[in-house]
Amino acid sequence: MTQTNLLLGVAIAGVAIAATASLLGRKRKEGTNIDGKAIAATIRAEIKDHVAQLQKEKDVTPGLAVVLVGNRPDSATYVRMKKKAAAEVNFHSVDVELDVGVTQEELLQHVEDLNNDPKIHGILVQLPLPKHIDEALVLKRIAVEKDADGFSALNIGNLCLKGGDHPLSVPCTPAGCIELLERSNVDISGKDAVVLGRSNIVGMPVAQLLVHKNATVTVCHSRTKNIEQKVRQADIVVAAIGKADMVKGSWLKPGCVVIDVGINSVDDKTKKRGYRLTGDVAFAEAKPVCSQITPVPGGVGPMTIAMLLKNTLNLARHSSGLTPI
Ligand code: GUN
């Protein structure tokens, strides 16, 4: 081999090595944010149009009653946001604010009065309730036809049944998670989904909804072994466990979709208010690994309220003999 050929060979090998290294070292495209705020705004606009149509066709205005017991700042904030959203889509809205020391009987009487109020189509009692009140009993007393949260045994039962009746309403946060996936063009059918959490409000119903969409669902909870390993199998992760930044980037399968339901407050001295909100998933670590992810705040949160409006609209439609939207 001449010296020129030798130099040429070395140069070509060098270029090939550099190209391979650059390929190997190339970063995956970072995941995009699922904009729950924008998607929820679109749904609220759709609901507003349906309200106008219902008023025109049936002379019915959807009515939502929100019951708040006590002064938990988080509950008070959620209730304020729910009432504002109801007003914006032109619902009739009633708020019942009760002292933290209200008796169970008094609270049940308020629920009964709302059950009997023909202008009210949806009743929501903000949870959690103070310890001296039997939460399950209060929820049981809300008429099924006015169950704005979709928490009643009949609605949950129909949600679980294959081929059952359509539930009159569906739990809001789980319904919001599914809307986010569908409106972000995530194909759920045939996918492996892992749900972290088994609560009545989120984990259990969202698992059911995912099964209805033909996902294969694993529900993980506080007694689950090898949680990381299970999460790593998931094409879709729904985190609703209530532990700040619990799911690490290294737990995730590259290209998965992350729906983060957690809203956790953590101390942060750099913030004016002294804290910041964070999800159950370590967002900065997860974003480069996943394909799509919901931010906290601005992901699932706004969808919960949009779905509450949708449930109330559908209950009002049901009272007029109309099918759900
Ligand atoms: N507390 C936290 N989430 C919810 C919800 O979706 N509905 C009610 N009623 N209370 C809650």
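User: What are the overall dimensions of the protein chain along its principal axes?
Analyst: This is a predicted model, and its C-alpha trace spans about 100 × 45 × 40 Å along the principal axes. The chain has 11 helices and 11 strands, and buried residues make up 38% of its 325 residues.

User: And among contacts between residues at least 6 apart in sequence, what share joins residues at least 24 apart?
Analyst: That share is 67% for the protein chain.

User: Which domains does the assignment give?
Analyst: The domain assignment gives domain 1, covering 59-169, and domain 2, covering 171-303. Six residues from domain 1 and five residues from domain 2 take part in the contact between them, and the side of domain 1 that touches domain 2 consists, by class, of four nonpolar residues, one polar residue and one charged residue.

User: How many Å apart are the C-alpha centres of the two domains?
Analyst: The C-alpha centres of domain 1 and domain 2 are 26 Å apart.

User: Switching to the ligand, which residues are around it?
Analyst: The residues around the ligand are Leu 124, Val 125, Gln 126, Leu 127, Asp 149, Cys 172, Thr 173, Ile 201 and Thr 304. By class they divide into five nonpolar, three polar and one charged.

User: Why would you say the ligand lies between the domains?
Analyst: Domain 1 (59-169) and domain 2 (171-303) both contribute residues to the shell around the ligand, and therefore the ligand lies between them. In terms of secondary structure, S4 and H7 each supply at least two residues of that shell.

User: OK, S4 then. Which sheet is it in, and in what order do the strands come?
Analyst: S4 belongs to an open sheet of three strands in the order S3-S2-S4, with parallel pairing. Strand S3 (92-98) and strand S4 (122-125) are the edge strands, and because each has a single partner strand, one side of each is left without a neighbour in the sheet. Neighbouring strands of this sheet are turned by 15° against each other on average, with direction ignored.

User: How many bridges pair S2 with S4?
Analyst: Strand S2 (residues 63-69) pairs with S4 over four bridges in the parallel sense. The bridge partner of Val 66 in S4 is Leu 124, and Leu 124 is also one of the residues around the ligand.

User: What about helices, which strands do H3 and H4 go with?
Analyst: Helix H3 (residues 73-88) packs on the sheet and touches S2 and S3, its direction making about 165° with that of S2. Helix H4 (residues 104-115) lies across S2, S3 and S4, and runs at about 175° to S2.

User: Now the six-stranded sheet: what is its order, and which strands are at its edges?
Analyst: That open sheet has the order S1-S11-S8-S7-S5-S6, with parallel pairing. Its edge strands are strand S1 (32-33) and strand S6 (216-220), each of which pairs on one side only.

User: How many bridges join S5 to S7 there?
Analyst: Four bridges join strand S5 (residues 192-196) to strand S7 (residues 236-239), and the two strands run parallel. In S7, Val 238 is the bridge partner of Val 195.

User: And H7, which strands does that helix touch?
Analyst: Helix H7 (residues 172-183) packs on the sheet and touches S7 and strand S8 (257-260), with a direction that makes about 150° with that of S8. Helix H8 (residues 203-212), by comparison, lies across S5, S6 and S7 and runs at about 170° to S6.

Key: Residues are numbered from 1 along each chain as its sequence is written. This is a predicted model: local features need pLDDT of at least 70, side-chain atom pairs count only at pLDDT 80 or more; totals for chains, interfaces and linings use all residues. Domain bounds come from an automatic or database domain assignment. Two residues are in contact if their C-beta atoms, placed from the backbone, lie within 7 Å. Ala, Val, Leu, Ile, Met, Phe, Trp, Tyr, Cys and Pro count as nonpolar, Asp, Glu, Lys and Arg as charged, and the others, Gly among them, as polar. Two strands pair if DSSP finds at least two bridges between them. Axes are lines fitted to C-alpha atoms, for helices over the stretch in contact, and angles run from 0 to 180 degrees between N-to-C directions. A residue is near a molecule or strand if its C-beta atom, placed from the backbone, lies within 6 Å of it. A residue is buried if 20 or more other C-beta atoms lie within 10 Å of its own, exposed if 12 or fewer, and partly exposed in between; C-beta atoms are placed from the backbone.
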